[in-house]
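Open the model in your viewer and keep the selection tool at hand. This tour goes stop by stop.

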Amino acid sequence: MPGEIWMGYLLHHEPSFTVVQSPFTLNGERVFGADSDATTLAVAALLHRLDHDEVSMISVPEGIDGPSLSVATGVALYDHEAEQEAPWEVLMSDEAIVVVSKRDAPVEVPMLEVAIEVEAEFHAAIEQAWDHELSKGHVSQGAYVSRAQYDEAATPRLQLHGQLNGQTVVWPPRFSHVVDGSGSSNMRLQRRGKVLTWTTLSAAGAPSEFSLRAPVLGGVSTVLLQLDDGPNGVFLTVDDEEAILEMEAPMELVFRRLYAQEGFVRYGLKARAIHD
Amino acid sequence: MKCLVLVQEHMVDVAVVGAGQTKYGNHPLGLKGMWAEAAAKAFASVDGDFVADLVEEAYIGSLAFGGSQLGNTAALLTEHSGMDGVAVRRVENACASSGFAFRDAWMAIKSGQADVVVAGGIEKMNDLTPERKRYWLGVSGDTEWERLAGLTFPGTYALMARRYFHEFDSTHDDLVHVSVKNHLHGSKNADAHIQKEVSFEKAAGGFMVADPLTLYDCCPTSDGASCVVLAADHLAHKFTDTPVWVKGAGAASDNLALHDRPSITQLKATQVASSKAYAMAGLEPRQIDVAEVHDCFTIAEVLATEDLGFAQRGEGGRFAREGEGRINEGTTTVNSSGGLKSKGHPLGATGTGQVVEVFKQLRGQVEPNRQVRDAETALTHNVGGSGATCSVHVFGRHR
């Protein structure tokens, strides 16, 4: 079974469940890409599900960053003190496979054919870098973005919430428009845009948030996109690979890991070339 | 209206009467020693009797990059330069810190609150380990959005360069011409960080820092300090027979993040600041003989030549290609000092360092082989970040 490509992952959709798998394999097993984890796969699966069903609440297992998933999708997390079970749940596997399913629905994970074999050395180096970043004592140097500051901008960052100020769409939202009431902040922008310009920064010049992974990846690539709704934004490219980028090319924005510190993964949207 | 006329009649003119700087580069001294050296050179350059006690106010620009005093830096520095007790403060506007320090000093005199004021800047950058230097990469961009999208300033300016090539008839070769010119000028400047010429071929084939920008498109990491003495018109001629007059001043700001600007191939803050400065000076861009522009990256000089009016929009590449900014070859010499690219870029010191250069150019005091002939007017252009802040000053030999 080939599987559909969805946000850079492999997708299989059934009426009662959605399976999202990493396209990368190592020794026959599905492994996460350079900026993916179970949370990023779960977000992709849930966003696809939301195109077909109304999902008001979902329960997530340990290992999924529930608050980030909720902010990224707008779906409420199951409250353990609630009287009723959540109608939807996220299921994880030992491999880089995640399922979003109706509660207690039978799930059969298909064998999907697409497999991009990664080099063991590269995979180990990236995993090691993430482990180091995720240690609680690790704080990248530099213009430190505190957790509070990150959380404050989480909705515009993860849901691409913009602001309609008169006839102009503004993203990220401006506090001045919120304070004076001239801007409405509940506009979710389309996750598509075109490349206005791009660069690949050498590992030595990358911000310290990326200093552990940039040498493994050979630098970091950033695109400046004009979003289909009007505003511009800068985004890292997906999988942190040295992407083949073209001016004016269409790209989509997908949910991925940005970096980690103090034991907390910062997620964000990254740009991925649209090949269809 | 009567009141306004009264104020205009009493508006003070401001002159630069002294200027000095350390050599830029890997300086053996720390903050205190470098500042003391720059201030001593500035005071010694005043032709008449001058003592530090005359200074009423001081403004010192710095990002506080190095491993030294972070808080109350300015008071520590004045203590080590004989300006005990002076009203001093640190001014921080990223790489435009001392451009704004100079503006503040000018305003202090212009307003009538002070007669003798010092403006300066300083940065110690090479006392840090590579890991600690990384701390500072991108701190003056919109960190929450740009830095977390992997951008530091080489990346930000690389985005601008690629877009510029896309919109206009220009290629990376035009940036190479900027690099070659500024290295040529800097090779003749005893205070420059990099005093050597570079060939077109070498500059074109440099290590890729941020595609399409190579190492030869980027300014070096420099230590340095600069200091200038400003005086009110009624005192200027007591200090020197050849004051350099501040004929125009302008400043502006823009969105911090590149992605929030309608165009990334022009710096609105530069356009606004320079328009104000030209209007105040009563001069047109083509009347500027020598300009020190903020070429932190070669693309920045290409954009600046357009934004400052030396070249038409989209013609900055041609301006560079045809060598119009070379000393004594075009209407306006651009970066006779070597610019940030070759003279160096000790962040906080750069703005007043530019003033040191034009002060000497207008008084015929630079090395003869890089003296701009018959220079009567000059301009300095100091930018913070990727264009979020900008100060422009226009100078003249005559009041």
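**Stop 1: a hairpin in chain A**

Select β17(A) and β18(A): they form a hairpin with 2 residues between them. In the turn, E262(A) has a positive phi of about 55°. Strands here, like helices, are DSSP runs numbered from the N terminus (E, at least two residues, for strands; H or I, at least four, for helices).

Before going on, note that this is a predicted model, where local features need pLDDT of at least 70, side-chain atom pairs count only at pLDDT 80 or more, and totals for chains, interfaces and linings use all residues. Residues are numbered from 1 along each chain as its sequence is written, and chains are lettered from A and ligands numbered from 1 in the order in which they are written.

Now look along the hairpin. β17(A) and β18 (residues 264–273) of chain A pair in the antiparallel sense over 10 bridges. Two strands pair if DSSP finds at least two bridges between them. Pick Q261(A); F264(A) in β18(A) stands opposite.

**Stop 2: on to β14(A) and chain B**

β14(A) pairs with β17(A) in the antiparallel sense, over 3 bridges. Find G193(A) opposite M251(A) in β17(A).

Show chain B next. The contact between the chains takes 32 residues from chain A and 29 residues from chain B. Residues are in contact if their C-beta atoms, placed from the backbone, lie within 7 Å. On the chain A side, β14 (192–201), β15 (220–227) and β16 (232–236) each supply at least two residues. β14(A) gives the largest share, 6 residues. Colour that side of chain A by class: 17 nonpolar, 14 polar and 1 charged. Here Ala, Val, Leu, Ile, Met, Phe, Trp, Tyr, Cys and Pro count as nonpolar, Asp, Glu, Lys and Arg as charged, and the others, Gly among them, as polar.

**Stop 3: the open sheet of chain A**

Select the open sheet of 7 strands in chain A, in the order β1-β2-β3-β9-β8-β6-β7, with mixed pairing. β1 (4–6) and β7 (76–77) of chain A stand at the edges, each with a single partner strand, so one side of each has no neighbour in the sheet. Zoom in on β6 (residues 57–59) and β8 (residues 88–92) of chain A, which pair in the parallel sense over 2 bridges. There, I58(A) stands opposite W88(A).

**Stop 4: two helices**

Select α1 (residues 38–50) of chain A. α1(A) lies across β1, β2, β3, β6, β8 and β9 of chain A, at about 40° to β9(A). Axes are lines fitted to C-alpha atoms, for helices over the stretch in contact, and angles run from 0 to 180 degrees between N-to-C directions.

α1(A) and α2(A) pack at about 35°, with axes 10 Å apart. Residues making the contact include L46(A) and L47(A) of α1(A) and L69(A) of α2(A). By class, this contact has 7 nonpolar, 3 polar and no charged residues.

**Last stop: chain B**

Select chain B, with its 14 helices and 12 strands. Its C-alpha trace spans about 50 × 45 × 45 Å along the principal axes. Of its 399 residues, 65% count as buried.

Terms used: A residue is buried if 20 or more other C-beta atoms lie within 10 Å of its own, exposed if 12 or fewer, and partly exposed in between; C-beta atoms are placed from the backbone.
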